[in-house]
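Hi,

Here is the structure I promised to pass on.

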Amino acid sequence: MQSALVVVIMSFIVFSGVFLVGDPVEILVSDDADQEEREMMIKSMGLDKPFLVQYGIFISKAVRGDLGDSFVFQEPALLLILDRMPATMELAVVALLIAIIFGIPLGVWAGLKPESLASKSIMTGSILGFSLPTFWVGIMMILLFAVLLGWLPSTGRGDVQIILGMPISVFSWDGFSHVLMPAVNLALFKLSMVIRLARAGTREVMHQDYIKFARAKGLKESRIILVHVLKNILIPVVTVLGLEFGGLVAFSVVTETVFAWPGMGKLLIDSIGLLDRPIIVAYLMIIVFLFVFINLVVDICYSILDPRVRLEDIKS
Amino acid sequence: MRALRQIGLAALGVAALSGPLHAADIVIGVRSEPSSIDPYFHNLGPNNGMLGQIFDRLNDWTPGMDKMFGRAASSWKPINDTTWEFKIKKGIKFHDGSDLTADDVIFSYERAGNYTGGNSSFRTYTKGKTLKKIDDYTVHIMTEKPYPLMPNDTTTVMIMSSEAKGTGGKNKGISAKDFNNGTAAIGSGPYKFIEWKKGDRIVLEKFDGYTGPIAQPWDKITFKFIKSEPARVAALMAGDVDAIDNVPTSDVERLKQNPKLSLSSGVSNRVIYLHMDQFRDSSPFVTTKDGQPMNKNPLRNPKVRKALSMMINRKAIVERVMEGIAIPAGQLLPEGFFGRSNKLQVEKFDPKGAKKLLQEAGWGDGFGLTIHGPNDRYINDAKICEAIGQMFSAQGIPTKVVTMPKNVFFKRASKGAKGGLPEFSFVLVGWGSGTGESSSPIKSLLATHDKSKGMGASNRGRHSDPRVNEVLNQALATVDDAKRGALLAKATEIAIGENTGIIPLHYQVNTWATRKGLKFDPRADERTTGYDYTLVK
């Protein structure tokens with residue numbers, strides 16, 4: 001119910017915001033076109049109608065699952081975006097995996113031995129991950145790994161295979177080599193965050209009674225860390241990552257632009273440049289749905305990690 | 001190759017083996033993606049450039065736009081004042097093996113002229129023309145009045161197969177989607193359409209049945225869309241693409257030093273110029289020196305406009321802002337184009353003369369001004385605005401500079417004020433002549449704004465002089481090339497030379513870069529076409 005309200009309010013804000021900016025006809029029309037031609041375009045896009053009428057048409061179509069046709073391509077906006085979604089999802093999932101696989105061990109290590117040199121370097125490094133702008137890091141990575149060393153391709157997406165009906169590229173070397181750099185670029189910020197969360201969690205958990213008890217029981221250090229520490233630090237990590245995954249998908253815009261990755265983010269940026277209103281609106285609507293959905297998944301993950309949290313509690 | 005690359009990486013950790021997979025394949029990193037494969041969907045540079053490789057036109061331009069040649073047409077001539085005869089080459093095949101005949105030409109012009117939807121059609125070039133089939137290889141195009149630009153107009157509309165099948169209702173039953181997925185994309189050009197992955201790439205393949213005048217140096221052409229400038233340059237340096245277009249001016253010097261790359265630059269048909277408000281007595285962005293509104297508009301005085309033009313140091317702009325990659329302009333089209341004036345020179349930088357002219361005009365004390373421009377449309381557009389602002393301010397016209405993204409700018413510049421009038425007083429814009437001669441910019445930029453006649457559609461300063469309209473109309477009805485050229489030159493001399501209706505700044509120069517061993521013939525129409533790349537031995 002709340003979610004539905006959020007969606008409706010969002011649609012109005014987005015639609016009116018987009019309506020205020022510029023004139024798509026001026027952007028799309030050819031220089032040579034005369035006044036008559038311009039007026040025909042305005043009519044065919046439905047831009048001659050007043051704002052509320054346009055919004056009404058949009059809503060009445062939207063409830064039937066039609067978010068309008070793109071001005072630029074004149075194909076359904078929803079399909080155009082969904083067409084690009086696998087590429088963005090793939091990038092976001094790989095980035096998330098990188099953040100988890102490298103972030104948690106590094107963070108736990110830094111939490112266990114806070115005074116060691118390695119830990120201090122990890123923490124300093126994570127500050128860089130936070131503070132360096134994504135596009136700059138991306139371009140530096142291209143210069144280093146593609147231009148100077150020639151190890152990885154600089155831009156674009158590799159060969160795509162159809163796996164479970166989805167076009168996926170990471171399972172071939174060509175595809176993986178293409179996805180690696182943008183994914184690391186996208187992951188850097190999250191990686192730093194996971195390191196910090198894991199470190200803070202570890203430091204707190206290590207002083208808890210149950211860890212002392214486990215030690216007293218004579219459990220191996222590795223078991224203490226892998227089972228007792230890890231399980232307890234995962235809850236904040238999962239919460240934050242869950243929410244951040246939405247962010248990864250929605251705002252991979254910069255990375256996709258730098259690496260010419262054919263995902264939704266690049267489509268959004270191109271569409272903003274061309275004032276392709278239906279795409280912008282449809283994109284933001286999809287993102288709203290995505291966030292609502294991810295929150296649900298996060299709640300379910302909680303209940304698995306922490307038996308005290310039951311789904312009934314979440315519902316209430 | 002891929003396996004080799006993997007071994008190379010794993011074992012040696014050295015640079016991946018670079019170079020294209022096949023000697024006759026080329027991968028080109030381009031800035032702009034077309035919006036459709038439908039040839040009549042969108043009359044815009046990226047579409048016209050890409051699709052012209054798949055579809056033939058009756059006529060086309062050489063890369064420098066200095067010569068027209070027949071693509072589907074073997075000859076063309078006026079047979080009386082209002083009729084042109086086009087002979088079509090025999091033996092042209094479409095990609096599906098069928099023949100190109102007069103029926104296809106008429107079908108194409110009809111679909112182009114009646115196109116519904118799309119983002120600006122080719123009606124500008126088909127309006128008022130009637131096509132008649134004489135026999136399979138002869139078409140007559142008739143107009144009501146004498147129409148000299150007929151051959152120029154036939155360099156725009158592409159020819160598709162009348163047998164193409166579609167699934168739509170309007171537009172002869174073929175929708176843009178049928179082209180985008182390839183089913184209806186049947187042309188007769190040198191390259192066949194293979195696939196379009198939106199946002200990623202378009203792949204073309206050599207058409208073996210092609211017999212036309214355009215070279216086919218490649219078996220396969222892949223266009224990759226890389227919008228970000230540093231990424232496009234990096235992709236070339238890393239060897240992921242063989243060539244790129246729109247090299248940013250700031251990188252040109254550095255890339256020239258790189259022994260692995262070669263660059264080619266060519267002047268384009270695009271002039272960058274300034275529009276000045278000449279229709280309001282009180283112009284919103286012309287103020288007193290301390291920023292108060294005025295009820296007088298100095299820009300309506302041709303002497304003031306001329307003085308402003310003299311205050312601009314074009315040489316400095318070209319050298320400093322454009323890093324030498326532009327040519328100072330004194331009129332609408334660079335040398336070599338049709339309908340230029342030989343008399344008009346580039347306005348000399350002359351601060352003293354400007355001061356004197358201002359005094360003569362009664363504005364010796366100067367006035368305040370705001371210059372508006374886009375910041376993502378033309379090469380270094382915002383920086384040019386800043387430079388001009390400083391030049392004016394230094395010479396007694398305190399000038400504010402406001403730049404904004406093109407998607408906001410153009411609406412306000414064209415119809416931001418009440419009643420759909422231009423909002424700004426002094427704007428920087430550019431114009432590329434689609435027909436390759438000067439009637440198109442005179443008609444759109446300098447003729448009196450008149451909706452019923454379709455004149456002055458982009459006249460954002462509303463410059464208006466009946467003499468210009470008269471000479472232009474005369475030119476548009478003169479079939480004789482030499483006479484028409486002289487008339488167009490005369491119209492330009494009045495509008496720019498006498499009136500300073502607009503202030504031309506420079507002609508844009510575009511730069512393409514390739515890996516060593518390749519060459520690109522720079523195109524004045526700013527198109528990046530695969531067949532203009534050649535291997536150098």
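**The nonpolar patch on chain A**

Helix α7 (residues 134-148) of chain A is the biggest contributor to the nonpolar patch, giving 4 residues. Helices here are DSSP runs of H or I with at least four residues, strands are runs of E with at least two, and both are numbered from the N terminus. The patch covers about 600 Å² of surface and is made by A:Leu128, A:Leu132, A:Phe135, A:Trp136, A:Met140, A:Leu143 and A:Val254. For a patch, residues need over 30% relative accessible area and no salt bridge; like charges are joined within 9 Å, and nonpolar side chains (Val, Leu, Ile, Met, Phe, Trp, Tyr) within 5 Å. A:Leu143 lies in helix α7 of chain A and counts as partly exposed because its relative accessibility is 33%. (Buried means under 20% relative accessible area, exposed over 50%, and partly exposed in between, with a 1.4 Å probe and protein chains only.)

Before going on, the ground rules: this is a predicted model, where local features need pLDDT of at least 70 and side-chain atom pairs count only at pLDDT 80 or more, while totals for chains, interfaces and linings use all residues. Residues are numbered from 1 along each chain as its sequence is written, chains are lettered from A and ligands numbered from 1 in the order in which they are written, and side-chain values use heavy atoms, leaving out hydrogens and water.

**Chain A overall**

Chain A has 14 helices and 2 strands, and its C-alpha trace spans about 85 × 55 × 35 Å along the principal axes. Of its 316 residues, 50% are buried.

**The sheet in chain B**

Over in chain B, 4 strands make an open antiparallel sheet in the order β5-β6-β8-β7. (Two strands pair if DSSP finds at least two bridges between them.) β5 (73-80) and β7 (129-135) of chain B are the edge strands, each with a single partner, so one side of each has no neighbour in the sheet. From one strand to the next, the twist averages 25°.

β5(B) and β6(B) run antiparallel, joined by 6 bridges, and form a hairpin with 2 residues between them. B:Ala73 sits opposite B:Ile88 in β6(B). On to the next pair: β6 (residues 83-88) and β8 (residues 138-143) of chain B are antiparallel over 5 bridges, where B:Lys87 has B:Thr138 in β8(B) as its bridge partner. Helix α3 (residues 102-113) of chain B packs on the sheet and touches β6, β7 and β8 of chain B, with its direction at about 165° to that of β7(B). (Contact means heavy atoms within 4.5 Å; axes are lines fitted to C-alpha atoms, for helices over the stretch in contact, and angles run from 0 to 180 degrees between N-to-C directions.) As for β6(B), 5 of its 6 residues are buried.

**Salt bridges**

There are 34 salt bridges over all chains, each being a side-chain nitrogen of Lys or Arg within 4 Å of a carboxyl oxygen of Asp or Glu. One of them joins A:Glu244 to A:Lys190, with the closest N and O atoms 2.5 Å apart. A:Glu244 is in helix α10 (residues 221-250) of chain A and A:Lys190 in helix α8 (residues 173-206) of chain A, so the pair ties together parts 54 residues apart in sequence. A:Glu244 is partly exposed at 23% relative accessibility, whereas A:Lys190 is buried at 10%.

In chain B, B:Asp153 and B:Lys129 meet at 2.8 Å, N to O.

Definitions and conventions
Areas by Shrake-Rupley, 256 points an atom, 1.4 Å probe, with all protein chains shown as cover.
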